[in-house]
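Please go through this structure with me in questions and answers. Keep the wording plain.

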Amino acid sequence: MARYRTSVGIEVHAELSTRSKMFCRCPVEFGGEPNSRVCPVCLGLPGALPVPNRSAVDLAVRAALALDCTIARESVFHRKSYFYPDLPKGYQTTQFGETNPIGYGGGMEIEADEGGVKRIRIRRVHLEEDTGKLIHGIEGGTGIDYNRAGVPLLEIVTDFPPDITSATEARRYVQKLRDLLVWIGVTHGKMEQGGLRCEPNVSIRPEGNDSLGTKTELKNLNSTRSLQVGIEFEVARQARLLESGRPVVQETRGWDEQTESSYAMRAKEDEDDYRYFVCPDLSPMQFDDAYLEHVRATLPKLPDTVRERFVNEYGLAERDADRMIADRAWAVWFDACVALSGSPKAVLNWMISDFAKLLNESGQAVPGGEGEPTLVTPEHLVELTRLIADEKLGGKAAKSVFAETFRTGEPPGEVVTRLGLAQVSDPEEIASLVQAILGENRPLVEEFRAGKSQVLGFLVGLAMQRTNGRVHASLFQEELLRRLTED
Amino acid sequence: MPGWATASELAGRLRSRELGCVELTRETLNRIEEDPGGLGAFLSSDRGEALRAAEEAQRMLDAGTAGPLTGVPLAVKDNICVAEGVTTAGSRLLENFVSPYDATVIEKCREAGMVIVGKTNLDEFGMGSSNENSAFGPVRNPWNPALTAGGSSGGSAAAVAAGIVPLSLGSDTGGSIRFPAALCGIVGFKPTYGRVSRRGLVAFASSLDQIGPFARSVEDAALLAHTISGDDPREARMRTEAPISLGGLRDRPLSGLRLAWPQQLAGPEVQPSIRATFEVAISRLIEAGCTCEEVDLPMIRHGVSTYYIIAPSEASSNLARYDGIRFGRQVEGTDHVATVAKTRGALLGHEVKLRIIAGTYALSAGYHDAYFAKAQRVRQRMTLEMDEVLAQYDLIVSPTSPVVAFPIGSAEMDHLTLKQLDLCTIPANLGGYPSLSLPCGLAEGLPVGLGLTAQRGMDESLLAAAWSMEQELGSVMPPSDAGGVR
Ligand SMILES: [Zn+2]
């Protein structure tokens with residue numbers, strides 16, 4: 001079997017996280033009664049006119065800037081015509097043409113399969129409106145829900161010839177793109193709700209051959225995993241065709257999640273002539289320097305930059321840095337702790353263990369994240385790590401203290417005092433504790449002296465039990481040993 | 001009684017209690033029902049709703065909160081959405097369509113206390129010049145019922161010319177207000193593109209469409225233009241100007257007014273009798289102090305062909321929503337495509353289909369550059385040419401229509417001849433200019449319109465110039481035995 005090279009281009013559609021639709025004031029939400037969020041504009045009633053949603057435009061420019069694009073000075077909307085029941089006006093309002101989209105000529109770095117980083121060039125970032133949704137099986141027929149019709153979408157298209165050369169790179173690209181868009185607050189990125197959709201086009205060519213092979217486009221992928229599996233399936237399917245001397249047909253193929261296989265949907269020849277022209281109901285959008293400066297100024301530091309700082313300044317391991325930038329609110333919270341002169345390592349350890357677990361169990365989140373805001377503040381966590389570092393709080397008790405702070409929002413120091421959880425490390429207290437334990441367990445002392453060293457652990461355990469885990473274990477053990485070996 | 005009174009006279013009599021609003025409305029509704037002369041100007045009229053509005057207007061009059069048009073009856077072209085009753089756009093497809101909302105102009109008229117008495121006949125979706133493309137029959141001219149009232153706003157023009165209502169609203173894409181106004185001997189005004197909201201106007205060609213008034217006097221037209229104009233945050237292509245103001249309406253003397261007459265609109269296309277009447281009117285204006293020079297606007301020659309690429313292209317897209325799925329009538333097919341095809345095949349008229357096909361063709365891959373893109377370039381050049389002329393002159397003048405009202409049925413003549421009728425009106429739409437047709441005399445016993453076009457945004461000075469010209473030229477009235485009501 002010949003060896004093949006894979007080329008993947010990807011179109012990503014991300015629902016913008018605006019409050020209202022692209023051209024009307026209907027709210028943008030997920031689910032709900034069919035056709036409960038519609039109006040003359042998004043239903044395409046006679047006489048209805050579109051008015052662009054300013055904040056959707058702002059978000060699109062924001063995304064284009066974060067993706068290192070050139071911003072068009074003047075950008076217009078076009079009409080893309082075709083008949084389909086979910087398309088109310090008989091055309092979709094979108095942006096067409098090479099230098100007209102809001103952003104073009106950008107790129108984003110991903111980790112390459114062969115190691116190192118690789119720039120995936122982005123051809124265009126543009127705005128458009130979503131369509132409605134067909135619901136089959138309504139009273140034996142098909143219904144149409146227009147709640148989604150007119151929801152603002154951002155389309156991001158990779159450049160040609162494709163830079164992505166494998167299914168794993170494709171997955172990394174979409175994952176990173178999604179994280180970036182969520183990070184800058186442009187989309188919620190929920191693939192399972194259709195908030196982010198990706199359509200890869202895949203082609204293979206024999207190694208050594210320069211010209212790209214015939215591509216097929218995949219639709220209905222609703223996770224980054226299906227994206228990867230889908231592309232792998234397509235690559236294998238195309239290779240089998242070529243091996244058996246049959247041509248790859250240029251077509252759109254659907255992905256079947258159940259069978260994990262693709263099926264032919266529509267051949268290239270069946271594609272419509274969309275008859276694009278500038279939408280006469282809308283004026284060109286103009287972006288001047290002052291506006292772009294304003295958007296740039298409100299753009300947060302991007303994940304790659306933050307990650308680099310975590311590694312270089314905080315001394316985080318690459319893997320830990322990745323974990324801390326998975327979510328912007330999470331990274332901001334972490335940063336706030338370090339700014340309070342918390343130790344990055346200690347804070348990190350608490351965040352990825354107890355804190356993450358408690359947030360997960362309660363459905364809470366740090367401010368700006370998804371969920372009820374947690375009562376724990378960076379000050380709390382830093383205070384906790386200090387108590388531990390200063391040996392005022394033992395590891396086991398610290399867990400209970402943190403759980404209490406998480407539950408009530410009471411500062412750790414106060415919890416320690418209120419519950420009497422301060423660590424016992426005073427030499428005199430420890431000496432008397434040793435005295436007491438030894439006095440009550442004479443037979444065990446004999447056993448130890450007879451050479452049974454595991455008795456030591458048992459005695460420490462007894463001390464822990466007696467103090468509810470507050471005793472400083474190593475100080476206690478030290479004192480215990482001294483007493484046992486002394487006479 | 002009200003018959004030929006102007007809207008301002010009627011409003012004055014309403015304010016002085018000489019006339020009751022309900023009484024006036026009832027009388028108007030009766031005339032609509034009677035349809036004197038069998039004009040076919042109205043498609044529907046909601047009596048109950050009109051009388052309710054009249055009572056409300058009377059309350060405003062009684063409370064002293066009345067404006068200049070409070071209580072005045074208004075007829076509305078049936079491609080402008082009014083929330084009660086149907087809005088058919090002259091099409092079978094929309095025969096049962098009830099708009100859930102009022103067009104912005106309707107909201108403004110209601111706020112001003114005007115009383116909407118009925119919806120008027122039109123060429124289907126505004127496509128036509130003789131009103132014979134209406135799915136509900138033609139409109140007859142009050143001057144002679146055998147003749148057309150012109151189109152596409154034929155019903156609105158005839159309703160005012162016949163004295164059924166003092167004011168009406170029309171829409172103008174290539175002359176659809178000014179052309180029938182000229183044929184019916186009344187004032188028709190198309191404001192600057194973007195000064196009157198199109199929201200709620202059933203779109204024909206979005207970059208050309210504009211709503212405007214029909215009236216029996218320039219002052220009335222200005223009053224209604226003032227009422228319906230002004231910014232609308234629900235339309236994205238509005239200019240930011242304030243409403244068309246009435247301030248200097250009577251303050252523009254004719255002396256020193258510079259008129260430009262494009263030689264391209266003085267050729268053999270213009271009937272000699274029209275040309276003669278037009279020239280007499282111009283010489284009277286010159287005597288009153290205007291200057292008039294012939295100017296060269298070579299690109300105007302391409303106006304009609306440019307229009308007949310751009311307007312159908314936009315229409316083919318604007319009319320794509322009429323698929324019978326969400327509203328309007330439907331003819332069911334075996335699947336979606338068949339339903340769309342059957343609905344449109346059975347319920348859209350011939351001319352509409354013709355234009356959809358032409359527009360679809362002009363936008364298709366492979367033809368887009370040769371037709372649509374080229375037409376846009378010609379449009380741009382023509383506008384530059386006109387801008388240059390309007391930098392040196394106050395107004396571009398020409399006859400509004402190259403012909404007088406013609407017999408109903410003759411419009412089936414030849415499509416190309418019929419389309420040349422818009423020769424003089426189309427340039428104002430392509431350039432977005434304000435343009436008005438003013439009665440300027442008779443030819444062959446029928447009214448002739450004087451077409452006046454000004455620079456974009458200069459609606460006020462256009463109206464003021466027209467007001468002064470009206471003082472000079474007087475108005476015309478249909479003979480009482482023809483169907484016109486006195
Ligand atoms: Zn809506």
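Q: Which residues have the most contacts inside the largest nonpolar core?
A: This is a predicted model, in which local features need pLDDT of at least 70, side-chain atom pairs count only at pLDDT 80 or more, and totals for chains, interfaces and linings use all residues. Residues are numbered from 1 along each chain as its sequence is written, while chains are lettered from A and ligands numbered from 1 in the order in which they are written. A nonpolar core is a set of buried Ala, Val, Leu, Ile, Met, Phe, Trp, Tyr and Cys residues joined through C-beta atoms within 7 Å, where buried means that 20 or more other C-beta atoms, placed from the backbone, lie within 10 Å of the residue's own. The largest has 152 residues, and those with the most contacts inside it are B:Leu74, B:Ile80, B:Val115, B:Ile116, B:Ala158, B:Leu452 and B:Ala466.

Q: With which residues is B:Ile116 in contact, leaving aside its neighbours within four places in sequence?
A: Contact means that the C-beta atoms of two residues, placed from the backbone, lie within 7 Å. On that basis the partners of B:Ile116 are B:Ala50, B:Ala53, B:Leu74, B:Val76, B:Val82 and B:Cys109.

Q: How many residues does the second, separate core have?
A: Among its members are A:Ala48, A:Ala149, A:Ala167 and A:Ile184. This second core has 68 residues.

Q: Which residue in the turn between β13(A) and β14(A) has a positive phi?
A: Strands β13 (residues 251–256) and β14 (residues 261–267) of chain A pair in the antiparallel sense over six bridges. They form a hairpin with four residues between them. The turn residue with a positive phi, about 50 degrees, is A:Glu260.

Q: Where does pLDDT stay under 50 in chain B?
A: pLDDT is the predictor's confidence in each residue, from 0 to 100. Its mean over chain B is 94, and 97% of the chain's residues reach 70 or more. Where pLDDT is low, the predicted coordinates should not be read in detail. In chain B it stays under 50 over residues 482–486.

Terms used
Pairing = 2+ DSSP bridges. Helix = DSSP H or I, 4+ residues; strand = E, 2+ residues; numbered from the N terminus. Buried ≥ 20, exposed ≤ 12 C-beta atoms within 10 Å, placed from the backbone.
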